[in-house]
Amino acid sequence: MMGAGFDIITIFPEIFHAYLGESILNRAIQKGLLDVNVRNPRDFTTDKHRTVDDYPYGGGSGMVMKIEPIHRAVNTVKSDGIERLTVLLTPQGVTYNQEKAEALSAYLSAEKRRLLLICGRYEGIDERVRDSLVDEEISIGDYVLTGGELAALVIIDSIARLIPGVLGDEESIKEESFTWGILDYPHYTRPPEFKGMKVPDVLLSGNHGEVSKWRRREAIRRTLKRRPDLLKKAKLTEEDNAIINELCSNEK
Ligand SMILES: C[S@@+](CC[C@H](N)C(=O)[O-])C[C@H]1O[C@@H](n2cnc3c(N)ncnc32)[C@H](O)[C@@H]1O
């Protein structure tokens, strides 16, 4: 069975236990498709107070995560000799997206490779961690979080759902937003009418060919309206281009 393995360096391990203990990711762990090993730098301190942060050299507000406990934690993780990509979560990194999730998932699909994710806190981590231990830096968006834990969970979650067997219905991956480079089509379920709002007739018709055509068209319409930038890079067919031309000329 192919899966994905992660090692996390965090001073808040419970955040991971809480999220990974629920729903689909919990089932993936039970099935052996996902393995997440969490290490707390506090367990690698040598002083009575288990200190993981200190004042910044040069002054200024906030605290900085010390290098020694992180260095020891990372070296302990790496002592098994398994090949790993070490990633620092930081708002200064390359912005994460579905393409990156797919690339990392491909990296992890080779047997025994793992991803090591380092979560910062406070004002960040001593720069020498970045210089000596890190292969890549990833940001999950242009905003600042209080810690790297949510960012690490975003990465784990987005990669886990690409592992065959994690989602019940593999088809759902193929059709959703970004997989084909465009946004997903609108979804409906029962009832067929709610407070005057009707489900489009074609979805109730039972005609699978027409349903597929409608979905593709709506996905393109939505992408054109909300994220036209995606269409430039998307894998489009001649039929898709004809739909785009028609939708654009209807707009005029
Ligand atoms: C308060 S932030 C520190 C921000 C740092 N002073 C800076 O401006 O780059 C604390 C930690 O949260 C994490 N973090 C914050 N925003 C993030 C983002 N957009 N993507 C990934 N990690 C983030 C990083 O691990 C960071 O070390």
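This is a predicted model: local features need pLDDT of at least 70, side-chain atom pairs count only at pLDDT 80 or more; totals for chains, interfaces and linings use all residues.
Residue numbers run from 1 along each chain as its sequence is written.

Domains to begin with. The assignment gives domain 1 as 4-160 and domain 2 as 172-251; such bounds come from an automatic or database domain assignment. Between the C-alpha centres of the two, domain 1 and domain 2, the distance is 37 Å.

Now the sheet. Two strands pair if DSSP finds at least two bridges between them. Five strands make up an open sheet with parallel pairing, in the order β2-β1-β6-β5-β7. At the edges are β2 and β7 (136-139), each with a single partner strand, so one side of each has no neighbour in the sheet. Neighbouring strands are turned against each other by 30 degrees on average, direction ignored; the axes are lines fitted to C-alpha atoms, and angles run from 0 to 180 degrees between N-to-C directions.

Strand β1 covers residues 4-9, and five of its six residues are buried. Buried means 20 or more other C-beta atoms within 10 Å of the residue's own, exposed means 12 or fewer, and partly exposed is in between, with C-beta atoms placed from the backbone. With β2 (residues 34-39), β1 pairs over six bridges in the parallel sense. With β6 (residues 114-119), β1 pairs over five bridges, again in the parallel sense. Which residues are the bridge partners of Ile 8? In β2 it is Val 38, and in β6 it is Leu 117. Ile 9 has Arg 39 as its bridge partner in β2.

Next, the ligand. The shell around the ligand holds 20 residues, and Leu 89, Gly 120, Leu 145, Gly 148 and Ala 151 are the closest. A residue is near a molecule or strand if its C-beta atom, placed from the backbone, lies within 6 Å of it. Which strand gives the most to this shell? That is β5 (residues 84-95), with four residues. By class there are nine nonpolar, nine polar and two charged residues. Nonpolar covers Ala, Val, Leu, Ile, Met, Phe, Trp, Tyr, Cys and Pro; charged covers Asp, Glu, Lys and Arg; the others, Gly among them, are polar.

Finally, some single residues. Lys 66 is in the loop between β4 (64-65) and α3 (67-78). Lys 66 counts as partly exposed because it has 17 C-beta neighbours inside 10 Å. Leaving aside neighbours within four places in sequence, Lys 66 is in contact with Val 52, Asp 53, Asp 54 and Asp 126, where contact means C-beta atoms, placed from the backbone, within 7 Å.

Two residues other than glycine have a positive phi. Tyr 122, in the loop between β6 and α5 (127-133), has a phi of about 55 degrees. For Lys 195, in the loop between β8 and β9 (197-198), phi is near 45 degrees. Lys 195 has 5 C-beta neighbours inside 10 Å, so it counts as exposed.

Terms used: Two residues are in contact if their C-beta atoms, placed from the backbone, lie within 7 Å.
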